[in-house]
Amino acid sequence: HTLPDYIQVMEKLLIKNGDNGHLVGDKFTHADVFTSVVLDYMISMRPLKDVLNKESAPRLFKLKSLVDAHLNYAAYRKSEAYAVASEGMNKRFSQGVFDIDFSRTFNLALE
């Protein structure tokens, strides 16, 4: 799957869930956090900015803004635990290790 495929499928999932900015139900979940973290790293990569942006993925960016605004998550992002986890993800992304198959992670299907 390519990044445009991922964006298309995730946008459809967000619409299917009621277009409320959440992947599951109408409350903050681990799926929302995971997706937001992946978006953070993808956005930080210059070549991806042309493909992944507010125009191409408005619902994903709505999800990200909801996650970023969550008080507990905002506090976590200031913690040492976040710094350690973030360093590990930075290494992974800087090495170009993109072996995540999102279609299996989220059991995605274009309907």
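Contact here means heavy atoms within 4.5 Å. I wrote that down before looking up which residues of α2 meet α3. The model I am reading is predicted.

**Entry: the whole chain**

I began with the secondary structure. The chain has 6 helices and 0 strands, and along the sequence the pattern reads α-α-α-α-α-α. I then looked up burial: of the 111 residues in the chain, 31% are buried. The accessible surface is about 7100 Å², and carbon and sulfur atoms hold 57% of it. I also looked at contacts with a separation of 6 or more, where residues 24 or more positions apart account for 67%.

Helix α1 covers residues 3-16, which is 14 residues. From first C-alpha to last I find 20 Å, close to the 20 Å expected at 1.5 Å a residue. I listed its buried residues as L3, Y6, I7, V9, M10, E11 and L14.

D19 sits in the loop between α1 and α2. Its relative accessibility is 32%, so D19 counts as partly exposed.

**Entry: α2 against α3**

How far apart are the axes of α2 and α3, and at what angle do the helices pack? Helix α2 (residues 30-44) and helix α3 (residues 58-69) have axes 9 Å apart and pack at about 110°. Angles of 65 to 115 degrees count as roughly perpendicular, and therefore I recorded α2 and α3 as roughly perpendicular to each other.

I then listed the residues that meet. From α2 they are D32, V33, T35, S36, L39, D40 and I43. From α3 they are L60, F61, L63, K64, V67 and D68.

The buried residues of α2 are D32, V33, T35, S36, V38, L39, D40, Y41 and M42.

**Entry: the tyrosines**

I searched the whole structure for aromatic pairs and found 1. Y73 and Y76 form this pair, with 6.1 Å centre to centre and 40° between the planes, and the pair is tilted. Planes under 30 degrees apart would count as stacked and over 60 as edge-to-face, so the angle between these two limits gives the word tilted.

Where do Y73 and Y76 lie? Both are in helix α4 (residues 71-77), 3 residues apart, about one turn of the helix. An α-helix has 3.6 residues a turn, so residues three or four places apart point the same way.

Are Y73 and Y76 buried or partly exposed? I applied the cut-off that buried means under 20% relative accessible area. Y73, at 5% relative accessibility, counts as buried. Y76, at 34%, counts as partly exposed.

Last, I looked up Y82, which is in helix α5 (residues 80-94). Its relative accessibility is 15%, so Y82 counts as buried. Which residues does Y82 contact, leaving aside its neighbours within four places in sequence? They are Y73, Y76 and R77. Y82 is therefore a buried residue in contact with both members of the aromatic pair, Y73 and Y76.

Methods
Residues numbered from 1 in each chain as written. Predicted model: local features only at pLDDT ≥ 70, side-chain atom pairs only at ≥ 80, totals over all residues. Heavy atoms only, no water. Helix = DSSP H or I, 4+ residues; strand = E, 2+ residues; numbered from the N terminus. Expected span 1.5 Å × (residues − 1). Buried < 20%, exposed > 50% of the residue type's maximum accessible area, 1.4 Å probe, protein only. Phe/Tyr/Trp six-rings, centres within 6.5 Å; stacked < 30°, edge-to-face > 60°. Areas by Shrake-Rupley, 256 points an atom, 1.4 Å probe, with all protein chains shown as cover. Axes fitted to C-alpha atoms, helices over the stretch in contact; angles between N-to-C directions. Parallel < 35°, antiparallel > 145°, perpendicular 65-115°, else oblique.
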